[in-house]
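Colleague: I would like to learn how to read helix packing and aromatic pairs in a model like this one. Could we go through it step by step?

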Amino acid sequence: MAGDLHTHTNFSDGSLSPEELLTTAKAIGLNYIAITDHDTVDGLQHLYENGLYPAKGLKVIPGIELKVAHEREIHLVGYNIDIYNGKLLDKLNELTDARWVRFSEIMKKLRENGCAIKDADVLKIADTSRSIGRSHIARALVKSGCFKTVRDAFDKMLLKGRAAYVPRYLLKLDEIISLIHKAGGTVCLAHPKLVGDDATVEEVCRSGIDAIEVFYPCHTPDDIKRYAALAEENNLLMSGGSDFHGIASRYVAKLGEFTVEDKYAEKFYRAAS
């Protein structure tokens, strides 16, 4: 048996519904799964309110992934958060509102640069997600024929420095750590190799977080050894996951292609009360 501590649903930028994600996880024999949508717990609330969480035969860990306001690309995952914590939900509503403002600004820039897609085109792809992001816009651009691939859309229009780029409203490192802790959660540094600077990774490891994502699809054996040593040095739990989105252009296209052993996953699980 194994687990996956980093997955996304269509309530953020994944392709599967929360129900489909749990059904797939059970079918392939996962023991643990963490749902860690970007900037939202809507998918987890949906499961809970429809009697699907807690789930029979599968240990579900409620989580969230948040991006840090920093010159480097830093993402933190919160595990075992209270998905109805008032302060957390207030902050997530702020982030959602900011995403909608950013969405409108990006769409305006795209139209000014000859990419005539409609808001409705993006919203159709976003489906149940209120956490509208560039990945939804990029997929709409591909579907409309403006670009051949999602990567092409990012490289030519949506990345920082490109014509349609608009910066996001982000929370600071200490703000996110405090928010997750006050919601009863465990704070984990996600995909440290993607930060691109181990000095920054070491700084984050000493900032009051609780775990680091040692096991990740693009981590080499040397990366795993290095981040495991950082975990030991800083008394951090070791996490791991596929960052599953159900999209072919991602590192992992199918759930179950990348997993972590139960001995790691079980340390992040608390039975829902």
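Colleague: In which hand of crossing does α4 pass α5?

Modeller: This is a predicted model, in which local features need pLDDT of at least 70, side-chain atom pairs count only at pLDDT 80 or more, and totals for chains, interfaces and linings use all residues. Residues are numbered from 1 along each chain as its sequence is written, and side-chain values use heavy atoms, with hydrogens and water left out. A crossing is left-handed if the near helix is turned anticlockwise from the far one by less than a right angle, and right-handed if clockwise; here α4 passes α5 in a right-handed crossing.

Colleague: Which residues of α4 and α5 make the contact?

Modeller: Contact means heavy atoms within 4.5 Å, and here D121, V122, I125 and A126 of α4 meet H136, I137, R139 and A140 of α5.

Colleague: How many aromatic pairs does the structure hold?

Modeller: Rings of Phe, Tyr and Trp (its six-membered ring) pair if their centres lie within 6.5 Å, and planes under 30 degrees apart count as stacked, over 60 as edge-to-face and the rest as tilted. The structure holds 7 such pairs; in one of them, the rings of Y32 and Y269 have centres 5.8 Å apart and planes at 70°, so the pair is edge-to-face. Y32 is buried at 6% relative accessible area, whereas Y269 is partly exposed at 26%.

Notes: Helix = DSSP H or I, 4+ residues; strand = E, 2+ residues; numbered from the N terminus. Buried < 20%, exposed > 50% of the residue type's maximum accessible area, 1.4 Å probe, protein only.
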